[in-house]
Amino acid sequence: MVKKELCVLGLMSGTSMDGLDCCLSNIYINENYKLYFKIIDSRTYVFNEDLINKINSLVGSNNIKKIKQLDFDLGQIYKDFAVDFIGSKNVDLISSHGQTLRHQNGVESLQVGHPKFLSLEFNVPVVYNFRPKDIFLGGTGAPFVPYLDWLLFKDLGKNVITINIGGISNITFIPSSGIRKDVVGFDVGPGMCYIDEFVKYTFKDVFDVNGKYSVGGSINSKLLNHLLENKFINKKPPKSTTREDFNKKQLLEKIQEYKYIDKHDLLRTLIKFTADSISLNINKFIGSNIYDKIYISGGGSKHQILVEDLKENLSNLFIMDSCDISVDNKESFLMSVMGYSRIKNLFNNMPSVTGAKKLDVYGEIY
């Protein structure tokens with residue numbers, strides 16, 4: 001490995017709000033933004049049901065007292081998970097995204113999970129609170145994945161699109177030139193959030209594993225067309241969104257409106273909606289014939305029916321699972337890279353993606 005590397009622990013709790021992704025890696029980025037890395041280990045720790053319910057109850061909330069308590073509770077939980085994950089291994093730096101409770105495009109972004117518990121336990125710098133500075137600089141506050149995608153694919157010499165499907169979906173376009181200011185990236189709308197919420201509400205299960213609830217369903221074109229009229233999905237980038245915009249309440253309203261549709265058909269239509277919202281954004285805002293390869297990552301890449309729907313609309317699509325980066329650890333590795341860049345004073349934002357007015361270094365150090 002390259003000299004001057006740091007061993008970085010990246011922590012990510014995303015819009016699925018169901019657990020903490022941990023990634024430990026050796027990282028070195030030179031002055032030309034050439035990324036060298038080796039992922040040592042990665043793991044996901046699942047939140048218990050009470051914690052998931054507590055998080056969901058405070059999404060979009062302004063209850064300062066309860067938010068502050070959750071901030072401390074999650075901070076301690078992150079620390080406990082990190083202790084178990086790290087074990088006897090050494091770590092030089094921790095980078096923690098926190099759990100998003102509020103995110104309004106270009107207005108505010110609030111994450112909780114206080115860094116002091118990690119700092120006290122490991123006695124290393126903890127980088128956190130990345131998104132507010134982007135908003136301060138006139139950006140949307142999300143997504144950040146395009147920074148990692150640019151580092152990974154800028155020297156490939158091909159036009160590459162990446163699709164990341166968590167609770168929310170986002171896409172990145174890296175041109176064959178690799179020029180940073182020409183990178184395009186934005187949130188497109190729901191990823192697995194509607195699908196997972198529907199499964200929990202209707203089938204009292206956690207996930208639609210192997211499509212067991214949707215495989216026999218049929219797509220209802222009336223509902224699908226109605227869903228695709230969503231203003232955010234058709235909005236021109238830069239744009240970012242969160243579970244506040246695609247939440248359980250909205251989903252239940254749709255279910256009530258279309259309650260005459262069989263539940264398996266409803267779920268199958270929600271899957272098709274997610275796939276079509278992604279392909280619509282690629283075709284409308286990037287172009288249908290200018291990419292060489294598409295890499296898909298995130299939890300949604302494990303849903304075979306969703307992936308098949310995407311393949312119907314998009315060519316040259318591959319599951320991202322190379323160079324030790326997998327669908328499970330990409331976002332936590334992103335946080336490792338974001339934290340490393342902050343400590344090394346490297347620009348870790350993408351103005352062409354979020355609309356921020358200049359290149360800058362994001363993240364506070366605790």
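Predicted model: local features only at pLDDT ≥ 70, side-chain atom pairs only at ≥ 80, totals over all residues.
**Entry 1: rings**

I began with the aromatic side chains and found Tyr194, Phe232, Phe246 and Phe273 linked into a cluster by ring pairs. I count rings of Phe, Tyr and Trp (its six-membered ring) as a pair if their centres lie within 6.5 Å; planes under 30 degrees apart are stacked, over 60 edge-to-face, and the rest tilted. Residues are numbered from 1 along each chain as its sequence is written, and side-chain values use heavy atoms, with hydrogens and water left out.

I also looked for charges over rings (NZ of Lys or CZ of Arg within 6 Å of the ring centre and within 35 degrees of the ring normal). Lysine 239 lies over the face of phenylalanine 232, 5.0 Å from the ring centre.

**Entry 2: strand β4**

Next I turned to β4, residues 93-104. Strands are DSSP runs of E with at least two residues, numbered from the N terminus. Of its 12 residues, 11 are buried, so β4 is largely enclosed by the rest of the structure. Buried means under 20% relative accessible area with a 1.4 Å probe, protein chains only.

Which strands pair with β4 in the parallel sense? I found β1 (residues 6-13) over five bridges and β6 (residues 126-128) over two bridges; a pair needs at least two DSSP bridges. Strand β5 (residues 108-112) runs antiparallel to β4, joined by five bridges. In their hairpin, glycine 106 takes a positive phi near 75°.

Notes: Buried < 20%, exposed > 50% of the residue type's maximum accessible area, 1.4 Å probe, protein only. Helix = DSSP H or I, 4+ residues; strand = E, 2+ residues; numbered from the N terminus.
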